[in-house]
Amino acid sequence: MAGLKDKRGFIDKDRLDLSERKAVEYWAKRWGVTADQITTAHRKVGRLTKDIAAELGKKR
């Protein structure tokens with residue numbers, strides 16, 4: 001289902017793909033962090049947004 005997108009431009013809200021720039025920008029704005037912080041947390045804990053949020057100390 002690679003062709004399907006939602007209104008934000010990305011599909012999966014449970015997993016974060018760093019190659020989807022819009023998704024990274026959305027979560028960075030929502031959590032009030034930089035894209036670099038998200039990238040670091042992504043490498044440390046994996047791709048699930050709840051794990052990344054927990055690593056950054058934010059609510060999902």
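Student: With which residue does Arg47 form a salt bridge?

Tutor: In this predicted model, the closest N and O atoms of the pair are 4.0 Å apart. The pair links distant parts of the chain, with Arg47 in the loop between α2 and α3 and its partner in the segment before α1, 30 residues apart. Arg47 is partly exposed, with a relative accessible area of 42%. The partner of Arg47 is Asp17.

Student: How far apart are the closest N and O atoms in the salt bridge of Glu25 with Arg21?

Tutor: Glu25 and Arg21 are four residues apart in helix α1, and therefore about one helical turn separates them. Glu25 is partly exposed at a relative accessible area of 39%, while Arg21 counts as exposed at 52%. The closest N and O atoms of this pair are apart by 2.8 Å.

Student: Which residue forms a salt bridge with Lys44?

Tutor: Lys44 lies in helix α2 and its partner in helix α3, so the pair ties together parts that are eleven residues apart in sequence. Lys44 counts as exposed, at 60% relative accessibility. The closest N and O atoms are 3.1 Å apart, and the partner is Glu55.

Student: Which residues are buried in helix α3?

Tutor: Helix α3 spans residues 49–56, and what covers its buried residues includes α1 (21–31) and α2 (35–45). On the other side of α3, Lys50 and Ala54 are exposed. The buried residues are Thr49, Ile52 and Ala53.

Student: Why are these buried residues on the same side of α3?

Tutor: Thr49, Ile52 and Ala53 are the buried residues in question. They lie on the same side of α3 because the arc they cover around the axis is only 100 degrees.

Key:
Residues are numbered from 1 along each chain as its sequence is written. This is a predicted model: local features need pLDDT of at least 70, side-chain atom pairs count only at pLDDT 80 or more; totals for chains, interfaces and linings use all residues. Side-chain values use heavy atoms; hydrogens and water are left out. Buried means under 20% relative accessible area, exposed over 50%, partly exposed in between (1.4 Å probe, protein chains only). Helices (H or I, at least four residues) and strands (E, at least two) are DSSP runs, numbered from the N terminus. The arc is that of the directions from the helix axis to the C-beta atoms. Contact means heavy atoms within 4.5 Å. A salt bridge is a side-chain nitrogen of Lys or Arg within 4 Å of a carboxyl oxygen of Asp or Glu.
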